[in-house]
Amino acid sequence: MDNEKIKIGWFSFSCCEDNTIVLTEIMNDHWQDWKKIFDFRHARVLKSKNILDELDVAFIEGAIASDEHAQKLRDIREKSKKLVAVGACAVIGMPAGQRNYFSEEQKQEIEFLIARFSALSKVLKVSDVVKVDAEIPGCPMEPKIFLEVVNKLVAELTNKAPALT
Amino acid sequence: MHTFDLTLDRMTKVEGSAGLDIRVKDGRVEHVRFKITEYKRFFTKALEGKPLITLPQLLSRICGTCSNAHILASIEACEHALEIEPSAQTKILRDLTMDGLNIRDHALHLYLFSMPDIVGKDAFLDFDENDPWQHQMLHDGFEIKAVGNFLATLVAGRSVHAVYPVVGGFTHFPDEKGVGEAIAKLEAARPAVLRLIQVFKDCTFSFDRKTNFMALVPKDAYGFIEGCIITGNGECIEERDYRDHLERVVLPYSQASAYKHERESYMVGALARVNLAKHLLHPATVASLGATLDLFPSSDIFRTNLAQAIEILHCLDHALEILKTYAFKPEEVIKKPAREAIGIGVVEAPRGTLYHMYRVGSDGVVRQGEVIVPTGQNQINIEEDIFTLVQNLLPSMEKDQIQFEIEKLIRAYDPCMSCAAHFLKVKWQGVPR
């Protein structure tokens, strides 16, 4: 039965995960519908046994702060039909990337930490690394816009009229 | 004899990103490293040079789920720096903001993160709707979360990165229709909260250990914003003196700081609060709890879950009392000119004591700041407990089962890695442990 469901992945990179929280709040009203139509194959906030094989839609929140992040994001892109950047850090790289705009003095003061944890010299937004099919801006995202994008994608993937309101 | 390395790259059903390295040799644990692997976003560096009054909204972005607690700690620090005394109504609205946050946040942890471990399911959404009890829990969980979300939205504008609370007051006030709706929703959800308390009262998970507890405790009634910092030794530390009492420990493999008090690790969070202040809980909560409260004080880490469930009930009862009796009216936001000062704000976030400190110049521009979060304070306890847990389980359990038990225990601490990794330590100090 799960084969007919839309395979969803939810991934968090460098951010405060506010969109994850908003997602769990939107779920308060929509969980019964989502249980029927979505297969949450990879969502660490929801489950332990996460699978990254083939996804219909990958939602990406957060900015890209390391090579490891970038590699992981490319891997997700390869395995996903649609990729959606969610929230300000994913869409514009801020505020997770605020160190990009630090003064030279501030940058020097944090340099040893950037080096110790092998972080990128500049924090990237998602579209700097992979092709993005849709963007949901906001800090955090607006539930209404998220639902509009989800409805549109569901309609495209199932060739049906939007079902959720 | 067991010999293995156990590496957990990323834990699940927790807030943010954490990993774990464990080395076992000849049946003995050699080391445990609980690593907060969130990448630093350097908020305490970014606040330098910014106008003081912009900090609550900036620092809210340290953490999504704790955001409203960061906003209130930050506002308090700003108000102390500016010598602003908030109005009685502002204090009440802030208390309600905390009620909404705790209801929503504890429910997320208890239903979506912890309850699957009790039921033996991988995810809350995997609960079987044909099973009457699991069906009930699914509906209860989302109902309680929704009530907390509604209350936070009514009072603070949003349940994440709230927009109404500002330095000096609030910019919007609850309307009569919204208050009526909130009362109806809170009353309707109360039986679900009582069921939740029963679930975690009956839960047999246990990890008992002696530790020190610390929490900000008000004088007269249970709360999350006022009071002094109480420790297990009967001390009552004023908010402004906090820095003399917390000792920082640098863990070189973690992106977060850890803390000790008088050279000993300690625990903050709902268990600490209920242990230290159960006598202050709302009378309606106490009446409904009966003998359940006799389980506290408890040194069983898994009792954090029951303490959180109790706090949901307290927040619900407290909010109901206020909403039924208080008439909200529009008020001007209090404004004061900038001055050179140090402002300190301390609140009880859902996961424990949260400190914000800013040094600001006479031009109203911030020179330096510090934020100490609950998970940083619990980090040493978490490591010590995993060490003991693994050592105890080694003779009888396989590696996979041990991993499950470790995750279960860490979830009981309800850690928040988004918070823990925000900070910056400029000078490298200390010897790697």
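Where in chain B is Asp414(B) found? Asp414(B) belongs to the loop between helix H11 (399-413) and helix H12 (417-420) of chain B.

## About the model

This is a predicted model, in which local features need pLDDT of at least 70 and side-chain atom pairs count only at pLDDT 80 or more, while totals for chains, interfaces and linings use all residues. Residues are numbered from 1 along each chain as its sequence is written, chains are lettered from A and ligands numbered from 1 in the order in which they are written, and side-chain values use heavy atoms, leaving out hydrogens and water.

Helices (H or I, at least four residues) and strands (E, at least two) are DSSP runs, numbered from the N terminus.

## Chain A

Chain A has five helices and seven strands. Read from the N terminus, its elements follow the order β-α-β-β-β-α-β-α-α-β-β-α. The C-alpha trace spans about 55 × 30 × 25 Å along its principal axes. For 165 residues, a compact globule would have a radius of gyration near 15 Å, and the 17 Å of chain A agrees with that. This radius is taken over C-alpha atoms, and the globule rule is 2.2 Å times the number of residues to the power 0.38.

Of those 165 residues, 59% count as buried (under 20% relative accessible area; exposed means over 50%, and partly exposed lies in between, with a 1.4 Å probe and protein chains only). Contact means heavy atoms within 4.5 Å; among the contacts in chain A with a separation of 6 or more, 75% come from residues 24 or more positions apart.

## Chain B

Chain B is built with 12 helices and 14 strands, and its C-alpha trace spans about 70 × 55 × 35 Å along the principal axes. When contacts between residues at least 6 apart in sequence are considered, 70% join residues at least 24 apart.

Arg94(B) sits in helix H4 (residues 88-119) of chain B and is buried, with a relative accessible area of 7%. Beyond its neighbours within four places in sequence, its contacts include Leu72(B), Glu79(B), Val166(B) and Phe170(B).

## Backbone details worth a look

Most residues other than glycine have a negative phi, and most peptide bonds are trans. Ser118(A) has a phi near 50° and lies in the loop between helix H4 (104-116) and strand E6 (119-124) of chain A. Asp414(B) also has a phi near 50°.

Pro297(B) is in the loop between helix H8 (283-289) and helix H9 (303-325).
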